[in-house]
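I opened this entry to keep a record of what I looked up in the model. My notes follow the structure shown here.

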Amino acid sequence: MSNYHIKHLEEYFQVYRKSVRYPEVFWEEVAEEHFLWRKKWDKVLEWDFTKPEIKWFQGAKLNITENCLDKHLYVRGDKTAILFEPNNPNEEAQHITYKQLHEKVCKFANVLKSKGIQKGDRVIIYLPMIPELAVSVLACARIGAIHSVVFAGFSSTALSTRVNDCQAKMVITSDGSYRGAKTIDLKGIVDEGLEDCPTVENVLVAKRINTNIEMKSGRDYWLQPLLDEASAECNPEIMDAEDPLFILYTSGSTGRPKGMLHTTGGYMVYTAYTFKNVFQYKENDIYWCTADIGWITGHSYIVYGPLANGATTVMFEGVPSYPDYGRFWDIVEKHKITQFYTAPTAIRALAKENLDFVNKYELSSLRVLGTVGEPINEEAWHWYNDNIGDKKCPIVDTWWQTETGGILISPVPFSTPTKPTYATLPLPGIQPTLMDENGKEIKGNSVEGRLCIKFPWPSIARTIWGDHERYKNTYFSAFDNKYFTGDGALRDEVGYYRITGRVDDVIIVSGHNLGTAPIEDSINEHPAVAESAIVGFPHDVKGNALYGYVILKETGEVRDRDNLRKEINQLITDHIGPIAKLNKIQFVPGLPKTRSGKIMRRILRKIASKDTSNLGDTSTLLNPEVVELIMKEAL
Ligand code: WT7
């Protein structure tokens, strides 16, 4: 029996039991089976959730790019590592082999070095989904620089907040990006963002859309000429297992984004192991995850996990609706995709379109389908199962988070029987538990509670960059000696988990994790706004959409409401990005508050979702009369 690859249900249970009883033995065996270590560890695991401190494979030495690239050169050097499908279907796809990718990464790494980037330096990557994005990520890892990819849909303010938070020395971007029929001036956004970023010494610019852009002399460099001159040899920096690999920002319930820090050895082992098992990847498969590398899904399951397994991983530059709603299925047919991994919001959007967009294409190459990012509703699940998988492909509903680094709860295809809307069972090494409001563990089945994890796994984020206290408060303080996920979940009669959604102030919109506080902060910057509160409400494509309750300042001035709404959404777009725009904005005379001044979001959520039959007891509110007033004018 291999420790690395689960092949049937009995084996899953066997492996799972072992992983809980002897976690160190289990992970040590996995780590030994498939990876290149320059030196083995002295100790598999040391942990203390009260500090919190978690260390995996201490004393081990490695470079993750040796595992993702060098390791494959002799066995599969001419196999496609990255299959790049451009935005425009008429532009030719690129098949980048492991040999070619290795060379690109080495050259890029040498360019980074020539610009003074060293081990431990932070590099912000702000690129569209083009091969340079994956290459720059790996180039940083090659030399031990800490990459922080910022999703290229984020605004200049969001970019500069992140640059300053991690004190990045360099930004890597492109002249622009293609998005469906549109082009976006990325370099312009970078220039604006960097006005207040003193730590950035250089900006490297990849050419993608060939526009005339301004290059700041002494700071900005075109990438290609530097690559042309660079040597194709670059010895990997030998890293400690616990050396930082990357920072990835995620929203929290207060204003500042949290820079989740992931380290090298454990992250590699866990993402590789879960990729292999959750997607049941085989040597000649063509795997496609539609996420952007700007999110954790892209880090773990477009770049590191697949490449560590020698897989062919597809990178798609475009959007599902361009040139029409058949694009995903066109790509599945064209490249004979075997595993397809996407978000419920994309499935819902495509399910609304005519089935001809699906039926035109030959999808029989598909073997496993996946979803991630938010709960998938039953209807979308069946549409996916019936029309895309032809009822033959197991759907892996994968639950995890930026903080967890890899998938924690998911079916293992061809082993775990799937159940619509259920993420099902924990993967080996994962010990979930449900907690009640009083901090007690809920035992048994057919129960519901707050989802926590009792034991560390190798790819858990080790800290929040520059703010360990916040890391402790957010994840390890709600429940004693447990990692708190922020999600609610139920466990059914056979022990399957179903994630019911966030129980904190984070709202998932189209699979994007948005904190209410940063959005409210943006709105409150409007000179006419006194106070605001954001809640989510059900939306048939986005899963949740945002509903804003806004109190205006009493100036006596009459202002056009629709203009105000536009201005508020523009502020949000400038501060965070268009993904955080509000669907509805209601101007209200007040917000329901408890006597201690806390906004009662529960009531606002009910009003926003038009579910006002049972508002609960409002008499204990500071201002119960305001609830009636809000309900009367609800949108
Ligand atoms: C939150 C994490 C994991 C990569 C993408 C999102 C929600 C994620 C599922 C799922 C129900 C899910 C949770 C989680 N979520 N996957 N399969 N079923 N909910 O990463 O931005 O860090 O968001 O996404 O609420 O806490 P993220």
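**Helix and sheet**

I began with helix H15 (residues 378-388), which lies across strand E18 (339-342), strand E19 (368-372) and E20, and which runs at about 155° to E19. Contact here means heavy atoms within 4.5 Å, and the angle, on a scale from 0 to 180 degrees between N-to-C directions, is taken from axes that are lines fitted to C-alpha atoms, for helices over the stretch in contact. Helices (H or I, at least four residues) and strands (E, at least two) are DSSP runs, numbered from the N terminus.

I noted for myself that this is a predicted model, in which local features need pLDDT of at least 70 and side-chain atom pairs count only at pLDDT 80 or more, while totals for chains, interfaces and linings use all residues. Residues are numbered from 1 along each chain as its sequence is written, and side-chain values use heavy atoms, with hydrogens and water left out.

I then followed the open sheet, in which seven strands are arranged in the order E5-E4-E17-E16-E18-E19-E20 with mixed pairing; two strands pair if DSSP finds at least two bridges between them. Its edge strands are E5 (94-97) and E20 (395-398), each of which pairs on one side only, and the twist averages 20° from one strand to the next. Within the sheet, I looked up E16 (residues 286-289) and E17 (residues 312-316), which pair in the parallel sense over three bridges, with Tyr287 opposite Thr313 in E17.

**Ligand**

Which residues come nearest to the ligand? Of the 18 residues around the ligand (a heavy atom within 4 Å), I listed Asp397, Thr398, Thr402, Asp487 and Arg502 as the nearest. For polar contacts, pairs of N or O atoms within 3.5 Å, I noted that a nitrogen atom of the ligand is 2.7 Å from an N or O atom in the side chain of Asp397, and that an oxygen atom of the ligand is 3.1 Å from an N or O atom in the side chain of Asn513. The protein covers 95% of the 550 Å² of accessible area that the ligand has on its own, by the Shrake-Rupley method with a 1.4 Å probe.

**Backbone**

A cis peptide bond joins Tyr322 and Pro323, with omega about 0°, and Pro323 sits in the loop between E17 and helix H12 (327-335).

How values were computed: Polar contact = N/O pair within 3.5 Å; in protein donor to acceptor, adjacent residues only side chain to side chain.
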